[in-house]
Amino acid sequence: MPKMSMTMTEGVFLVWHKAEGDEVREGEVVCEVATDKVDMEVEATVAGTLTRLLATPEDVIPVGEPIAFVAAEADGLLDGMFDDLDDPVPDQAPEGRAEPPSPAPPVPSSTPAAVPAARRLAVERSIDLATVTPSGPWDTIRLSDLGTPRKPGNGRAAVARRMTASTQIPQFVLYRDLDLEPATHGWTARFVHAFAQALRQHPDLNATWADDAVQHHDRVGVALAVDTPRGLLGPVLTDPDQDSLDTLATRIADVVERARAGRLGLAELSAAATTTVSNLGNHGVTGFHALLTPPQATALAVGAIEPKVVPVEGGIGVRLRCTVGLTVDHRVADGVAGARLLATLQELI
């Protein structure tokens, strides 16, 4: 079971797209899994043969637990797959560790195939599974076939967990009106690009508070807040300042489209985010305070971009302006550090 986000601890298995004995290619979709954020396709990380499928539809499986076995000749089959877990998978099994158990004996043809949860429920309700019409793959009876639909993912629960944790962080917000002229368009890409550059120039803010100390990051990972039918998602753009503005704009448009379609890649949800950018300007919001997403130390809230009457040399004039709010973990940095970062952001914009 892959880790599809920084907060994911378990997933609900949905469906296999392959059967035991099938050959799979690296990058080929083999199954689908649901988290509290999104339903996702899982791709094979290596070419080989599916020798045994362990997961069945509607099984709740902890991250890192096996869902299938693959026979492959590739070296380093598991390298990097669980780098985000507290207990990484070892390079090889400890000496004396038992081999995976042999497959269970085949179910007699007279007994309908059913997922464990459905079989238990059938016993509780005294339901004869032979009278149930299966809807799962390979004519497997699922919970929904017994009148108990699978509980849909609760995106608000994920947001609630993150924001409740955020309230435990001493944080402050700094507001600044940015002058956007002579810049013209592509605002989200421009802000993400400039903010990543600014964080790289102010490494004291591209950091995390952990183990009673500030820990700095070598890379900049920007989680882009995207409103989707499944709730708020934060696909991660790693080192976006290394792209050209045109390339980044194309990259962002693609990520947003796939996020709203529920087709984000594993890397985009599980990559390490060091900050978040949230843009509500297109909804007419002039300025707002974005709460931190632990363990990130900063968040940039982008308001509406609009002409504003401002003082200019010799009188008043109209300039294209935008109010941004920079939220900072006070354990990591003080207000003056945030003010300096905003000044750099203005210069880069």
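The following dialogue explains how to read several features of this predicted model.

Q: What conventions apply to the numbering and to the values for this model?
A: Residues are numbered from 1 along each chain as its sequence is written. Because the model is predicted, local features need pLDDT of at least 70 and side-chain atom pairs count only at pLDDT 80 or more, whereas totals for chains, interfaces and linings use all residues; side-chain values use heavy atoms, without hydrogens and water.

Q: How many helices and strands are there in the chain?
A: Both are DSSP runs numbered from the N terminus: helices are H or I with at least four residues, and strands are E with at least two. The chain has 6 helices and 17 strands.

Q: In what order do the strands of the open sheet lie?
A: Strands of a sheet pair through backbone hydrogen bonds, either parallel or antiparallel. Two strands count as paired if DSSP finds at least two bridges between them. Here 6 strands form an open sheet in the order β8-β17-β16-β15-β11-β14, with mixed pairing. At its edges, β8 (171-179) and β14 (236-238) each pair on one side only. On average, neighbouring strands of this sheet are turned by 30° against each other, direction ignored; axes are lines fitted to C-alpha atoms, for helices over the stretch in contact, and angles run from 0 to 180 degrees between N-to-C directions.

Q: In which sense do β11 and β15 pair?
A: Strand β11 (residues 221-224) and strand β15 (residues 275-279) pair in the parallel sense over 3 bridges. Val 222 has Thr 275 in β15 as its bridge partner.

Q: Which strands does helix α4 touch?
A: Contact means heavy atoms within 4.5 Å. Helix α4 (residues 245-260) packs on the sheet and touches β11 and β14, its direction making about 155° with that of β14.

Q: Is Ser 278 buried or exposed?
A: Buried means under 20% relative accessible area, exposed over 50%, and partly exposed in between (1.4 Å probe, protein chains only). Ser 278, found in strand β15, is buried because its relative accessible area is 14%. Leaving aside residues up to four places away in sequence, Ser 278 touches Ala 225, Phe 288, Leu 300, Ala 301 and Val 302. Of the 349 residues of the chain, 42% count as buried.

Q: Is Val 309 buried or exposed?
A: Val 309 belongs to strand β16 (residues 298-312). With a relative accessible area of 64%, Val 309 is exposed.
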